[in-house]
Every structure is written in C-alpha cells, then in structure tokens.
Amino acid sequence: MITTCPLRRLSAVTALVFGAAFGTAALAVGPTCGGPEDDSWMPPEAVQARIETLGYTIENLSVSEGNCYEISGRNVQGASVTTYLDPRTGDIVQEDIVR
C-alpha cells in the first residue's frame with residue numbers, strides 16, 4: 001500500500017489556492033502603453049473629446065501605472081467601465097466592465 005504524506009497534500013492545495021488568487025489579480029492589471037508623458041501624447045482634453053464622440057460618459061480621467069489614459073465612466077450601453085486609451089492616438093486598448 002502506498003501512502004502519501006498529508007503535509008505534501010496540504011502544500012499542493014495551498015499552492016493551487018495561492019496560484020489562483022494571484023493569477024486572478026494579475027488579470028486585473030491595466031495595459032502598458034509605453035513610456036511616460038512627453039510631447040507625443042494627446043492633450044487630455046482631446047482624448048476626452050474623442051471618447052465622448054464615441055458615446056462614453058466620463059467621470060474621471062487620469063494616467064494609469066502603464067502610462068495609458070485611464071477613464072472611469074460609462075460606455076454607450078450604460079455599463080460602468082474603466083477604459084484605457086493609447087495616449088498618442090486616443091485609441092481604446094482595453095476596457096474593463098466594473099462590477
């Protein structure tokens with residue numbers, strides 16, 4: 001009869017739990033859009049005007065850790081979203097539905 005060490009089984013379960021938790025957290029991180037702000041970036045007002053023409057309502061506009069414009073607000077369907085835009089083109093690079 002082969003027996004397994006209960007401690008080894010516990011370690012495997014612990015690794016799976018922590019892996020799942022940290023893996024999920026990693027998915028919540030916003031995109032990277034390049035280097036820090038410089039002359040190639042669109043002015044915030046231009047980015048705001050561009051996203052509003054797409055039907056978005058903006059509650060907050062900031063710069064993310066990944067050097068993207070980050071907009072909190074509502075999309076065309078009225079869903080609460082966090083939208084990341086390329087600071088040089090104003091193109092949407094990622095949109096997360098806020099739950």
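## Disulfide link

C33 and C68 form a disulfide, with their sulfur atoms 1.9 Å apart; the term denotes a pair of cysteine sulfur atoms within 2.5 Å. By this rule the count is one disulfide. The link of C33 and C68 is right-handed, with 95° about the S-S bond. The pair connects distant parts of the chain, 35 residues apart: C33 is in the loop between α1 (6-27) and α2 (44-53), and C68 is in the loop between β1 (57-63) and β2 (69-74).

C33 counts as buried because its relative accessibility is 11%, where buried means under 20% relative accessible area, exposed over 50%, and partly exposed in between (1.4 Å probe, protein chains only). C68 is likewise buried, at a relative accessible area of 0%.

## Basis of the model

This is a predicted model, in which local features need pLDDT of at least 70 and side-chain atom pairs count only at pLDDT 80 or more, while totals for chains, interfaces and linings use all residues. Residues are numbered from 1 along each chain as its sequence is written, and side-chain values use heavy atoms, with hydrogens and water left out.

## Secondary structure

The protein has two helices and four strands, which follow the pattern α-α-β-β-β-β along the sequence. Helices (H or I, at least four residues) and strands (E, at least two) are DSSP runs, numbered from the N terminus.

## Burial, contacts and surface

Of the 99 residues in the protein, 24% are buried. Among contacts (heavy atoms within 4.5 Å) with a separation of 6 or more, 38% involve residues 24 or more positions apart.

The protein exposes about 6,800 Å², of which carbon and sulfur atoms supply 59%. Accessible areas come from the Shrake-Rupley method with a 1.4 Å probe; for residues, only the protein chains shown count as cover.
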